[in-house]
4 protein chains.
Amino acid sequence: MRKKVLLTGFEAFGGEKINPALEAVRRLDGRKIDDITIVAQEVPTVFHRSIETAVRAIMEHEPDAVICVGQAGGRLKITPERVAINIDDARIPDNDNQQPIDEPVVAGGPAALWSTLPIKRIVRRLKEESIPAAVSNTAGTFVCNHLFYGVMHYLQTEASDIRGGFIHIPYIHEQTADKEAPSLSLDTIVKGLELAAVTAANEKEDIKEVGGATH
Amino acid sequence: MRKKVLLTGFEAFGGEKINPALEAVRRLDGRKIDDITIVAQEVPTVFHRSIETAVRAIMEHEPDAVICVGQAGGRLKITPERVAINIDDARIPDNDNQQPIDEPVVAGGPAALWSTLPIKRIVRRLKEESIPAAVSNTAGTFVCNHLFYGVMHYLQTEASDIRGGFIHIPYIHEQTADKEAPSLSLDTIVKGLELAAVTAANEKEDIKEVGGATH
Amino acid sequence: MRKKVLLTGFEAFGGEKINPALEAVRRLDGRKIDDITIVAQEVPTVFHRSIETAVRAIMEHEPDAVICVGQAGGRLKITPERVAINIDDARIPDNDNQQPIDEPVVAGGPAALWSTLPIKRIVRRLKEESIPAAVSNTAGTFVCNHLFYGVMHYLQTEASDIRGGFIHIPYIHEQTADKEAPSLSLDTIVKGLELAAVTAANEKEDIKEVGGATH
Amino acid sequence: MRKKVLLTGFEAFGGEKINPALEAVRRLDGRKIDDITIVAQEVPTVFHRSIETAVRAIMEHEPDAVICVGQAGGRLKITPERVAINIDDARIPDNDNQQPIDEPVVAGGPAALWSTLPIKRIVRRLKEESIPAAVSNTAGTFVCNHLFYGVMHYLQTEASDIRGGFIHIPYIHEQTADKEAPSLSLDTIVKGLELAAVTAANEKEDIKEVGGATH
């Protein structure tokens, strides 16, 4: 039976002209690898509307796994997130000019929700292909964490057979021509996300492998 | 009525000869500021034993607030932590040579517990005194996060009138003579922790002020 | 016989409200340490006029040593510069809106001029007092390097008994409240520059001690 | 008439198993692009012997341009160097266990020698292809700067019609699996060096374009 993985990617925000997350997932839209099909969905960089858009896409596509993808400018590696926290604390306004401070993503929800993706398998798989990757223990408190939490809350309550999680990606080279910041090529990111999607589709259980941070 | 704040500081770990957290809290042990007394407690950099030691000190001193302090080598600022997560994932062994991977701090505990310190007031107070400070959204997955989670779990279940939390501090200058890493003076850190202790003793409610991270 | 050290400090530039170099040298103006007197001179952050101002101050004060001080936002340590290069290549306009690209500081001058300060003694002395310090091998290509080269050229041709050089300093804490950048306290920088001035006044010869960079 | 570009690459050093500079230039050895042929030469990461090896290769191949390539672990971009300085100051021993401190590369040589490569054209060309690139103003004080200075000194005195210079490259992804450091793919570096070689072969004059650093 065919498997399906839904990837979401954000619109550009914070003064950037492009969002590499969206560029990357667009390139993967419709791609078939063995028995796996990838579908991509653009989401607005807006509190709450991002969750609604992602949840509608989950209901429409009924994927085996959903991976939300966002840009983490300044990071060195492709970083599957371990945990979403139930807080919005926006350092900058979202694309609808909302800037919530210390409000819950889901009122009454638990403080945090774990990724149900096999994050350590994903990291290992990317490293096998010489793609920089590491587990991250914080998705921040902006729209990325918000979407991550919202999607995990939906899955936990409504569709617990669907695995889900979030992957942050660095800038791509096109964004750092005049910036002192690390970047990866878009090709590397696309390849990394494809490997992540395949791993998420095929593996229900994660491995126990060092992936922590001292702080 | 006098108030009391308990500060805990870790032994050195990870090849460092000193732990600035321990140096700093020792200097504050017994200090009196207005109606507040600070007491300090050393804790082993060891999974579980660190929690036991801290909980015994809480039971002994019955403080108004407890602030666990740990080193975050590489950070630029004094960073009150927002949230503890229920996971141990040790990149290096602790000082008893334990290296748990993806085990819960407290079996059956919630995924995360929030700091009950007024973390944004603390950040604002330090910045008023030109001490570098910012909220952090991850305490890592090593003994620091472990102790933070363990203490918050104890307080939540056994002593919910005591405020508690964790503050990470950078290297001190003495540690970076031959390292390419940021550092603060020990005096600055001691002053910062004293201000944090006073703020924690006096303020039950936090303020709503931007303190988030985009990722 | 009394000794004199001239310190120069730049006006603010590049959008910063203050220049910690100027703040620090002002605090040292007139300070007497043993038989040494420090005098301070503000210089404009302007190509050529900065050199003219510094040279006039050298002619007026006839110091034993001159140390030009400038801000290097983003650096971790107080960094005596090893070498000035004969090029202006301005990434941003100076405070008179000049932006030279690949022009010599002094037409016909040598490609580079060495600091004649005992830079490694200065680094060692600061480290003895737990002040972060390291030799730097580039002063950039903006007004800092320009002034450094211009002063060394003047000293070499007109006053070769006066030792001279340049020290870059990090941001101070006041500048990084809303920046992700390292900083030192102004007190630490003032103490470091005082130690540098005393060392420059007392020591004609430098020591041989590792202070290089692999790149 | 055919043109020739000589690329040199260092052996691994400093505990690394590979040197991406050597990996990259090996891949380009013998490559023909239009009327240009690239030849590659391995050089030992050893003071003086590196220069001897490079000079012999220059005498043998009589190239139009020579580009020495070295690893700069921690840098974000491919960085053509602007200037070589006449100093050896080794933070670590070379591969023959020599560790010179503050000795000249060439006794009696000028303080510095400029690259004669069109470094800003190279940077522009790489950026056109979305390869991270920037001018660097320091090649350090280890074997990289040493070779750069030695080659430029030879060219200036013996073969002034040959353009020459040095390009530092970041780590490649294979080196940073367990490091917190930026890296590029080997493919990106190979492509960047090929573009640099072609530009060096074709362009005698550089462009005036902002490429400076404030410090």
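Across the interface of chain B and chain A, the rule finds eight salt bridges, a salt bridge being a side-chain nitrogen of Lys or Arg within 4 Å of a carboxyl oxygen of Asp or Glu. This is a predicted model, in which local features need pLDDT of at least 70 and side-chain atom pairs count only at pLDDT 80 or more, whereas totals for chains, interfaces and linings use all residues. Residues are numbered from 1 along each chain as its sequence is written, chains are lettered from A in the order in which they are written, and side-chain values use heavy atoms, with hydrogens and water left out.

**The contact of chain B and chain A**

The rule also finds 20 residue pairs in polar contact across this interface, both residues at pLDDT 80 or more; a polar contact is a pair of N or O atoms within 3.5 Å, where within protein one must be able to donate a hydrogen and the other to accept it, and residues adjacent in sequence count only if both atoms are side-chain atoms. Strand 6 (83-85), strand 8 (101-103) and strand 9 (112-114) of chain B each supply at least two residues of the side that touches chain A, and the largest share, three residues, comes from strand 8 of chain B. Helices (H or I, at least four residues) and strands (E, at least two) are DSSP runs, numbered from the N terminus.

The contact, meaning heavy atoms within 4.5 Å, takes 37 residues from chain B and 37 residues from chain A. The two chains bury about 3000 Å² between them, 62% of it on carbon and sulfur atoms, where buried area is the accessible area (1.4 Å probe) that two parts lose on being put together, summed over both. In chain B, the residues that lose the most area to chain A are B:Trp114, B:Thr214 and B:His215, together 23% of what that side buries.

| Salt bridge | Closest N and O atoms |
|---|---|
| B:Lys120 with A:Asp89 | 2.5 Å |
| A:Arg31 with A:Glu194 | 2.6 Å |

A:Arg31 lies in the loop between helix 1 (20-28) and strand 2 (32-33) of chain A, and A:Glu194 in helix 5 (residues 186-202) of chain A, so the pair ties together parts that are 163 residues apart in sequence. Over all chains, the structure holds 64 salt bridges.

**Relations between the chains**

Chain B can be laid on chain A with an RMSD of 0.0 Å by a turn of 180° and a shift of 0.0 Å along the axis, which is the relation of a two-fold axis; copies are superposed by least squares on the C-alpha atoms of residues with pLDDT of at least 70 in both. Because 100% of the interface residues of chain B are also interface residues in chain A, the copies meet through the same surface. Chain A and chain C do not touch, their nearest C-alpha atoms being 11 Å apart.

**The sheet of chain C**

In chain C, six strands form an open sheet of mixed pairing in the order 2-3-1-4-10-5, two strands being paired if DSSP finds at least two bridges between them. Strand 1 (residues 3-10) and strand 3 (residues 36-43) of chain C run parallel and are joined by eight bridges, and C:Val5 stands opposite C:Ile38 in strand 3 of chain C.
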